[in-house]
Amino acid sequence: MPAGHDSPFVFIGNHRALDFVNTEVATEGVPRDLLTDLASLTDWLVQAGAVDRGTARRALDRWKGKRAGTTLLPQARALRSSLRRLAEAAAEGRPVPRPIVDSINRFLARGAGVTRIVPGGRGFTTRHALRVEEPVDLLVPLAESAADLLCHADLRRIRRCAHPQCILYFLDGTKNGTRRWCDMRTCGNRANAAAYYRRQRADAGS
């Protein structure tokens, strides 16, 4: 889901789990965390389609400024760190470390998902919803996305942006697996411009 005009978030990962990893970016080579509080976390969850606005609003009303709410951000960052290590291992062709799988399974074990039967079309359909009883339940959809990435995506297609100062990851969906940049319009163009500048300097010195 694309971010709004005023949103700091980027959705270039081609998978929700990688988009969550990309809530930590690099500005001029310096890491910058876009998740600063409960409000920014719930805002990202809504933009990513992980929770609906009503769920996010109720979570903020219930836990913003409360101790239970302040404990969620470190848990979210720890999960993000695990998913970054997953992406790093996949991008480098290494096996995914078992402790990462174990950490994802701990979130999945919370069983915060609820399935209901609702009218749909000419009959009925099932709808999956999130039961949020504690702040940490908000992270269950991210664990579900991580499980989907591990079980259904081609991990060999996970790439880190080729720009040396970029720390973003993406799932390469191109037919020939040739995507190199998180965003050709930004990282790709900057890298091409830098390479052109280096060639010009080299030619001038020869």
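A residue counts as buried when its relative accessible area is under 20%. By that cut-off Ser 145, at 8% relative accessibility, is buried. The model in which this value was computed is a predicted one.

**Overall layout**

The protein chain contains eight helices and six strands. Read from the N terminus, the order of these elements is α-β-β-α-α-α-α-α-β-β-α-β-β-α. The chain has 206 residues, and 39% of them count as buried. Of the contacts between residues at least 6 apart in sequence, 54% join residues at least 24 apart.

**Helix H6 and its two partners**

Helix H6 spans residues 98-108, and its axis comes within 10 Å of the axis of helix H5, residues 72-91. Helix H7, residues 140-152, is the other partner described here, with an axis that comes within 8 Å of that of H6. Two packed helices are described by the angle between their axes and the distance between the axes. The table gives both values for each pair.

| Helix pair | Axes come within | Crossing angle |
|---|---|---|
| H5 and H6 | 10 Å | roughly 140 degrees |
| H6 and H7 | 8 Å | roughly 135 degrees |

Angles over 145 degrees count as roughly antiparallel, and 65 to 115 degrees as roughly perpendicular. H5 and H6 are therefore oblique to each other. The crossing of H5 and H6 is left-handed. On the H5 side, the contact is made by Leu 79, Ser 82, Leu 83, Arg 85 and Leu 86, and on the H6 side by Ile 100, Ser 103, Ile 104 and Phe 107. Sorted by class, the residues of this contact between H5 and H6 are six nonpolar, two polar and one charged.

For the second pair, the axes of H6 and H7 cross at roughly 135 degrees. That angle makes H6 oblique to H7. The crossing of H6 and H7 is likewise described as left-handed. H6 contributes Val 101, Ile 104, Phe 107 and Leu 108 to the contact, while H7 contributes Val 140, Ala 143, Glu 144, Ala 146, Ala 147 and Leu 150. The contact of H6 with H7 comprises nine nonpolar residues, one charged residue and no polar ones.

**The two sides of H6**

Which residues of H6 are buried? They are Ile 100, Ser 103, Ile 104 and Phe 107. These residues lie on the same side of H6, because they cover an arc of only 95 degrees around the axis. The buried residues of H6 pack against H5 and H7. Arg 98, Pro 99 and Arg 106 are exposed on the other side of H6.

Ser 145 belongs to helix H7. Leaving aside neighbours within four places in sequence, Ser 145 is in contact with His 15, Arg 16 and Ala 17.

Leu 168 sits in the loop between strand S5 (158-160) and strand S6 (169-171). Its relative accessibility is 8%, so Leu 168 counts as buried. Apart from neighbours within four places in sequence, the residues in contact with Leu 168 are Val 10, Ile 12, Asn 22, Glu 24, Val 25, Arg 159, Arg 160, Cys 161 and Cys 182. For one of these contacts, that with Val 25, the C-alpha to C-alpha distance is 6.6 Å, although Leu 168 and Val 25 are 143 residues apart in sequence.

Terms used:
Residues are numbered from 1 along each chain as its sequence is written. This is a predicted model: local features need pLDDT of at least 70, side-chain atom pairs count only at pLDDT 80 or more; totals for chains, interfaces and linings use all residues. Side-chain values use heavy atoms; hydrogens and water are left out. Axes are lines fitted to C-alpha atoms, for helices over the stretch in contact, and angles run from 0 to 180 degrees between N-to-C directions. Helices (H or I, at least four residues) and strands (E, at least two) are DSSP runs, numbered from the N terminus. Angles under 35 degrees count as roughly parallel, over 145 as roughly antiparallel, 65 to 115 as roughly perpendicular and the rest as oblique. A crossing is left-handed if the near helix is turned anticlockwise from the far one by less than a right angle, and right-handed if clockwise. Contact means heavy atoms within 4.5 Å. Ala, Val, Leu, Ile, Met, Phe, Trp, Tyr, Cys and Pro count as nonpolar, Asp, Glu, Lys and Arg as charged, and the others, Gly among them, as polar. Buried means under 20% relative accessible area, exposed over 50%, partly exposed in between (1.4 Å probe, protein chains only). The arc is that of the directions from the helix axis to the C-beta atoms.
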